[in-house]
Amino acid sequence: MIPPAQHPLVSRTDLVLSTVLSFHILHQRSLSNESHVVMKAVETNYSGKYSCEVSADAPSFHTIIVSGDLEVIEPPIEQPSVTGVQARYRPGDILRANCTSHNSKPAANLTWTINDVPIPPQYVKLFSPMRDAFTGLETSIAGVNFMVAHDHFVKGKLKLKCSASIHQLYHETIEQLVPEDRPRILATGVSASGHSINLYQGTVHETEPTDQNDAYLTVNGYKGKRS
């Protein structure tokens, strides 16, 4: 029997339930008995409350019913994706990016880390899940927005990671190593008159425009800790 305090979680695979036979979902009768029910190819609509009923013989006919909730999940087919990250950053730049996990039920939980340190919640924006009207599956999006600091770069690289999870049954992570945009000298040479020419023109940064389609704007700075 399923204790009422437990909340079993299963994915869309073969499922064994310690529950009751008196329900209307087709199950594998040859693999089921008085105390166990086996169902094949379960669907998310199998989620709900299941009960086990035990009755005594005559003369008391005493009956006890124990119920428990069960949730069937449908995990995403693909790993989460990250958009909006530039090729390079320098301290003082604003990093804006979105992490998206597509088509699951329920919607995946998304978390951001820098160098394996969780980003404080004030620099993360969680959007309401988008539900597909036809399939019923949900897409979750989490944005991040913070000011890049020197301490974010470990050996010249910033490790940005987004993780998607659904209970204890699904966990996928996508990671990006973003190099620091450091100053460099363009060139040096000698003029036709023989005078030395230094073509160092200050700090030159190779930056690319942020994908504003997937970025949200918040003017805040965040300095993480070195891992």
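The following questions and answers go through a predicted model of one protein chain.

Visitor: How many helices and how many strands does the protein chain have?
Guide: The secondary structure of this predicted model is made of strands, without a helix. The count for the protein chain is zero helices and 16 strands.

Visitor: What percentage of the contacts with a separation of 6 or more is between residues 24 or more positions apart?
Guide: The protein chain has 227 residues, and 35% of them count as buried. Among contacts with a separation of 6 or more, the share from residues 24 or more positions apart is 62%.

Visitor: What part of the accessible surface belongs to carbon and sulfur atoms?
Guide: The accessible surface of the protein chain is about 13,800 Å². The part that belongs to carbon and sulfur atoms is 52%.

Visitor: Which strands stand at the edges of the open sheet of four strands?
Guide: The order in this open sheet is β9-β8-β13-β14, and the pairing is antiparallel. An edge strand has a single partner, so one of its sides is left without a neighbour in the sheet. The strands that meet this condition are β9 and β14.

Visitor: Which residue of β13 is the bridge partner of Asn109?
Guide: β8 and β13 pair in the antiparallel sense, over six bridges. Strand β8 covers residues 109-114. For Asn109, the bridge partner in β13 is Ser165.

Visitor: Which two residues does the disulfide join?
Guide: A search of the whole structure gives one disulfide. A disulfide is a covalent bond between the sulfur atoms of two cysteines. Here the S to S distance is 1.9 Å, and the residues joined are Cys99 and Cys162.

Visitor: How many residues apart are Cys99 and Cys162, and in which strands do they lie?
Guide: The link of Cys99 and Cys162 is left-handed, with -85° about the S-S bond. It connects distant parts of the chain, with the two cysteines 63 residues apart, Cys99 in strand β7 and Cys162 in strand β13.

Visitor: Are Cys99 and Cys162 buried or exposed, and what is the state of Cys52?
Guide: Cys52 has a relative accessible area of 8%, which is under the 20% limit, so Cys52 counts as buried. For Cys99 and Cys162 the state is likewise buried.

Visitor: Which peptide bond is cis, with omega near -5°?
Guide: Most peptide bonds are trans. Pro106 lies in the loop between β7 and β8. The bond that is cis, with omega near -5°, runs from Lys105 to Pro106.

Visitor: Asn103 and Asn115 each have a positive phi; what is the state of Asn115, buried or exposed?
Guide: Most residues other than glycine have a negative phi. Phi is about 50° for Asn103, which is in strand β7 and is partly exposed at 37% relative accessibility. Phi is near 50° for Asn115, which is in the loop between β8 and β9. Its relative accessible area is 2%, under the 20% limit, so Asn115 is buried.

Visitor: What is the C-alpha to C-alpha distance of Met147 and Asp93?
Guide: Met147 is in strand β12 and is partly exposed, with a relative accessibility of 36%. In sequence, Met147 and Asp93 are 54 residues apart, while their C-alpha to C-alpha distance is 5.7 Å.

Visitor: Which residues does Glu180 touch, not counting those up to four places away in sequence?
Guide: Glu180 is in the loop between β14 and β15. Its relative accessible area is 18%, under the 20% limit, so Glu180 counts as buried. With residues up to four places away left out, Glu180 touches Tyr89, Pro91, His150, Phe153 and Gly156.

Technical notes. Residues numbered from 1 in each chain as written. Predicted model: local features only at pLDDT ≥ 70, side-chain atom pairs only at ≥ 80, totals over all residues. Heavy atoms only, no water. Buried < 20%, exposed > 50% of the residue type's maximum accessible area, 1.4 Å probe, protein only. Contact = heavy atoms within 4.5 Å. Areas by Shrake-Rupley, 256 points an atom, 1.4 Å probe, with all protein chains shown as cover. Disulfide = S-S within 2.5 Å. Pairing = 2+ DSSP bridges.
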